[in-house]
Structures are given as C-alpha cells and as structure tokens.
Amino acid sequence: MSDTFDQIFVSLKHWLLGYLPVWSQPVISCLLSIAVIIVAFATLFAITTWLERKGLARIQNRYGPNRAGIPLTNISLFGLGQPAADGIKALTKEDIVPFAADKLVHFFAPVVLVIPVLLSYAVLPIGRNMVAVDMDAGLLFFFAVGAATELSVFMAGWSSRNKYALLGAMRAIAQMVSYEIPLILSSVSVIMMVGSLSTVKIVEAQSTYHGLLPDWFVFTPWGFAGFILFMISALAESNRSPFDLPEGESEIVAGYFIEYSGFKFALFFLAEYLGMFAISGLGITLFLGGWHAPFAWLTWIPSWAWFFIKLVTLVLILIWIRGTVPRLRMDQLMNFAWKFMLPMALLNLVGVAIWHFMTPGLPRWLVGFALVVGPYLLLGRGLMAGKNLAKRTYRFAE
Amino acid sequence: MSIVAEMPSKNFELLSKDGDGELLEIAMGPHHPSTHGVFRMDVVLDGERVVKLKPVFGYLHRNHEKIAEGTTYLGSMPYTDRLDYFCSLTNNWAYALAVEKLAGLQVPERAEYIRVITAELTRLQNHACLMGFLVQDMGASGTPLMYAFREREKILDLFESLTGARMMCNYMRFGGCRCDLPAGWLDGAKKVVAETPRFIDEFEALLAGNEILMARTQNVGAMSRELAINASITGPMLRAAGVNYDLRKVDRYGIYDRFQFKVPLGDHGDTYDRYMVRVLEMRETVKILEQALAGISDGPIIDPKAKLRGFRPKVGEAYGRIEAPKGELGFYLISDGGPNPYRYRVRPPSLINLTVLEDLCLGQLVADVVVILGSVDIVLGEVDR
C-alpha cells in the first residue's frame, strides 16, 4: 500500500506512456516531467509568497494578508487568495521600459534568469525514482546552470541604464561569484564521501538507519559544518536576507531590477524563489538524506512528501532569518566569504578525508568534532579580535 | 547619455585618484526609501565609497516662518505641530515657551507637570521610532520598526485621549494647556510607562549585542567633540560625541529642576553611540515620567491672565528653547505690539544636525550613508519648514 502511494506519480506516468506509440515515449516522458516540475514548484512559489508574508507579519506583530480569498464571496481563507491576486496584478500592470534602456537585453534578462533556474530542477531527486534526468554529473550540471543566473543579473543591471541598477548588478556579481566557491566546496565534501556526482547516488548513500538517527550526512561533524556552510552560501546565492545586498532596498532601492515592472518584475521574483527552492532542495539532497524519512518507522509516508516537508521546513527557516537579521555591508560580506567561509570549507575537506579513512567509532567522532570546532573557534575569534566590536559602557552626567 | 560620470564637474573639486578614477554620481533622493521624506543627497561614489556628498533640501518648504508672521500668535500653534510631525507636543512647548517669555505669562504647576509628562512621552516614542527606523535602514525588513510602532501606538493612544489627535496635537496654550487631563488618563499613562522598560530591555537584548548591528554601526560615521561643538550640533547626537549639554539640565526650563535624572554620554561619537545614547535616554525619560506622574497635583491648567483672543504681547523679543527629542528646538520672536509676530524664526535641530552629514559620510560606503542619515534623526517637515 505504501509503495503504491510512494510510486503513484511514477506509475501514473508509465500508465499514460503505455497508451502512446513507442517512438514518442521518451519525448512525452520528458515533457511530462517538465510539466510536473513547473506546476509543482510554481504552486510552491505561490504558497511560499503567502507563507512568507504571513510568517514575516507574525514575526512583526502584524496579521499579513487576510482579505483575499475566494472571489465574490466573503470567504477569506486566511488570505490564501493573495498569490492569485498578486499574479493578476503583475500581469495587468503597465510594463515600463526606460527610454534609455537597451530594450532587447532588458527584455531577455528575466527570461534568461528563469530558464537556468528551472533547468537545475532536472537533477533534483524529489522522490524515489522521481528525478527528471539521472545524470552521472548531476551535481556539476546543477552548479553549471546555477552559475548562469549571474549573467542575467548583470544583463538586467546593465541594460536598465540606471545607476542603482548598475550598483546592484556589481554587488550581485561580486557576491554570487564569491559565495559560489564555499557553496561548491561544501558540496565537494559530500562528493568525496559518496564518490559520485550523481544526485541519486548521493541520496542512496544516506538511505540506512543507525539506531535512532538516519545516516544523513548532516549528522556527522563534517556534514553538519558543510550543511551550515552550504546554507549560508545558499542564502547569499539566492540573495536572501542578510545577504540581500543586490536588492538592498534601503540603500540602492531595488538593485538590478529597479527598472522592471509588471510581469517582468514578477519573473525576477519567481526566479529568486525558484532558485531558493532549488538550492534548498540540493541542500536536502546532499545533507538531509534527500527524500528519505528521518526515522525508519516513518517510511510509510511517501518519499516525495518527505522531500517537500523538508523543503518547506528549510524555507520557513529562511523566512525566519529574513524577519530577524539586519543586512551586512559589502566589505563585511566579502570578508566573510573569503576569510571565513572559504578557509572553513577547505578545512572541512580535510575533515572529510580523515573521517573517510578512520574506522568508525568514538575516536573518529572526536577527531571529526575537533576538526570542525577548532577551526571555527580559531577563525571566528581571530577575525572578530581585529575588529574591536563590543557592547560598550556609557558614562552619565548628573 | 552616459551613466558613468565623466570626470567630475567643477563644483565637485575631486581628488586625483590612483586607480582609473571613474566616479559615479548618484542623486540619492528625493524619492528614495531611506531618506525619511523628500531629501536628496548628491553623492559621488568611487566604487561604493563616498568621495563627495552634498545634502540638498527644501523639497518640503512650506514657508512656515513667513506664514507665522502673517497670522496671530495663537494661529501658529497648530502650525508648529507640522514642523517635526513625530513630536508635535515638544514643538508646541517650545513655541509656547517663547511666547510666554515675550508676554511674561506664568504657567501653573499642574500645567507644567502635564507639559513634562507629554514632552517626555513624546521623547519616548520619538526615540523608539528612531531605533526602529535605524535598524530598518540596515535592512532588517521592518521587524524592529514594527516592535517600535507597537510601543508608539500606546503613547499615541494616550495623546489621542488627551488632545483629540494622535500626531497633530495642538495642545499647549500660552500660559498653560488647552484642556485638563481626562479621567483615568494618569492611570493609563502610568501603565504605559511601567511597560516601557520591558520594551527597552527586549529591544536591547535583541539588537544592542547583535554582531551585524555592531559591525554596521561601530566606528561608522564618527564625529569628534570639536566638530560637534563647532557645527552647533545639539541633542543626542551631541551627547553621543561626549559633550555634556542637555537643556533640561542647562536651562532647567519648566520644572525640570525637580526631577532626578542623568544624562548619558558617548565617547566615540559614532553611529552605535548615537543609537545607544538614545536607548539610555529612554531609560532616564522613564525615570522622569515616574516622578512626574507621582508628583502631579490638582490645580488650574492655564494662567488666568492669558488671553486667547486679542492677544498682543508687549514690544520686545524673546527666544524660547527646549530640549526636543532631536535637539535644541528654539523659537525666536520679535513683537511690535501687534497681533502677529514681527519676526518669527525657528531653530530646527534636524536641519542643523544635518549640516555635518558630509563630514560624517566621507570615506564610508553607500550603505553607511543611509545608516548615518538614520542616526542623525531628521524629520523633513522640520528641516525644510
């Protein structure tokens, strides 16, 4: 029974394909996968915009959207109609292109942003046997298409002919290039452990259970450090607070998409969220056991459900971070990437190697633990020491 | 049309640079989310570093002083609300103080107490909002601001039940106040004041030790004592630079000599000090409020000699000043014996504190500019008048 549920989408696809001529099956199979990915993640995007507005509002003592529900009735459904209303608004808004803009590049920038983001979903295993393309170099593909977003960000910033857009694009490029390195290095630790670039193999490597806990990589010292490094870089890659400098609303107004309105703006928004899901999905695949249940007795819940439960949990954490943390400054951001994230990620690789060659047992845990906490304390203390940041005491005059 | 400024125009006398020397000239404002109104900064950037900054104001100029010279003394009172629209009650008080000096009116004790209570409540909500806005400028997506506004609402509710208006209070009159406290108002005020320390503690616990906040504010936009004095900076900004100058202590206007409170002073004069001095000032304000709310007694609320209609102060001049939340707010009046002032001049703390903006911002990054501007604490209604 649980297997039927688990494989319901896979069996559905095979059943559908069975009615089609053999020559068309590969193409239709691909198209079906694409359609499912787009529909599923676009729906998740709609729900997340609502969830984010609601979550931020609750963090900030507000209610958030609570009016839009089912049209022409008084049913408000906690404002769940808001995403639809926002979509209609974005579609019907006037599309303004600046007079001096490079119109062609200006038009293509949001499109060029969305396509690689969607492509990256191809290698994400969202359930057992549920991956669009099981590539041997899946991880490499993911990072390759992920890097293409930088191009479109610069296209948007440059073609708008706006100084804020240019500043935003400059910031975005510097930030994304810098944080891609710790992002990839922290993933390399998993590759070293699994010995494969295939996302499916990486998930398989985390399938066993060990006592109470599953064998997810996040439950090892190097894996935990790698996961934290990965998620920090993921925040920076998806331009989320506290790394939202490319938008920097209070400084450079809206950064590289300042001159976009209507649905082009919505596309940027969509791409940002889809990028966030994709990179969180990769984090789940690499460190959180992919679609595996956290406990052996919970395996009856379908694998795809586990993937989305984990994804929404990560997204909620990102929303929480956004609601609580102020933004860094450009130089601090760069310092953090090159002086802290990069050495930590490199040292983490050493940690993985040692973990890989030691026999399981307490000594391995102690060494692994020391190799994470030691560098963290040394680097953290060392970097903070030079800055003289501290709470101060004040004197009072009578 | 080039977006990168060619070599700077003549009025930006620019440094010969080591690098390729391409500079970007940006007009931050007048419609920019962080200029707290319609204010413009013409910034010249080298990368993101500020090499030149010119504040441009006047977008909200409403001819306040000239209008006040054409209308009666009392007629200007509601208009002073609109100067610093966050703190209408302190504006009222400064103006009333100037006119009282001019006309030689005495303020009854109860009215003095009410003035102190409303002014200190104003200070509380102004500083709370400033802290919220400042962290908002650092990009904290509105959460601190909403926390601050939650407190401000309680105080505005008090103002509403006392004066009928939440922001444009128009409450003080020459020689006293417009109306007496409604029944139960003092208890409500006591409750609000009693809740405030908890809010300040919460705010401090969440923000004062936050590493990002410290990294963004410490040693950013530092101002020396000398500069602060020479530029006639007043208010928390001056005290953050370490100068002990609080008009409540210096002038002891009203009945401030009756209250026990201290004046917090900073040592670095940077943005963090400007932030923390305001936090500490809020704690002292709570002390003043507790004493004032305990000490208030019954009595008349307005000088019986004060005339509302046909008010013509004798020939002369007067300068009344108070410690408004943003600094020294002064009104200078010359009377020629007529129903309206011959000369009416406002000394707006926001404007004068803003004049040193370039000195604070040079060499900082563009992200610091908005934070420094936020820590100056301006309201454009007062800057432009």
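How many residues of chain A are in contact with chain B, and how many of chain B with chain A?

1. Contact, taken as heavy atoms within 4.5 Å, links 40 residues of chain A with 59 residues of chain B. This is a predicted model, in which local features need pLDDT of at least 70 and side-chain atom pairs count only at pLDDT 80 or more, whereas totals for chains, interfaces and linings use all residues. Residues are numbered from 1 along each chain as its sequence is written, chains are lettered from A and ligands numbered from 1 in the order in which they are written, and side-chain values use heavy atoms, with hydrogens and water left out.

2. The two chains bury about 4400 Å² between them, 58% of it on carbon and sulfur atoms; buried area is the accessible area (1.4 Å probe) that two parts lose on being put together, summed over both. Arg392(A), Tyr394(A) and Arg395(A) supply 16% of the area that chain A buries against chain B, more than any other three residues.

3. Five salt bridges are counted between chain A and chain B, a salt bridge being a side-chain nitrogen of Lys or Arg within 4 Å of a carboxyl oxygen of Asp or Glu. One of the residues named above, Arg392(A), meets Asp273(B) in a salt bridge at 2.8 Å, N to O.

4. Strand 3 of chain A pairs with strand 6 (residues 263-265) of chain B in the antiparallel sense, over three bridges, and Ala397(A) has Val263(B) as its bridge partner. Strands (E, at least two residues) and helices (H or I, at least four) are DSSP runs numbered from the N terminus, and two strands pair if DSSP finds at least two bridges between them.

5. Over all chains the structure holds 44 salt bridges, and one of them joins Asp84(B) to Lys326(B), with the closest N and O atoms 3.0 Å apart. Asp84(B) lies in the loop between helix 2 (77-81) and helix 3 (88-103) of chain B and Lys326(B) in the loop between strand 7 (316-324) and strand 8 (327-335), so the pair ties together parts that are 242 residues apart in sequence. Asp84(B) is buried at 2% relative accessible area and Lys326(B) is buried at 1%, where buried means under 20%, exposed over 50% and partly exposed in between (1.4 Å probe, protein chains only).

6. Within helix 6 (residues 185-208) of chain B, Lys191(B) and Glu195(B) are four residues apart, about one helical turn, and form a salt bridge at 3.8 Å. Lys191(B) is exposed at 55%, whereas Glu195(B) is partly exposed at 28%.
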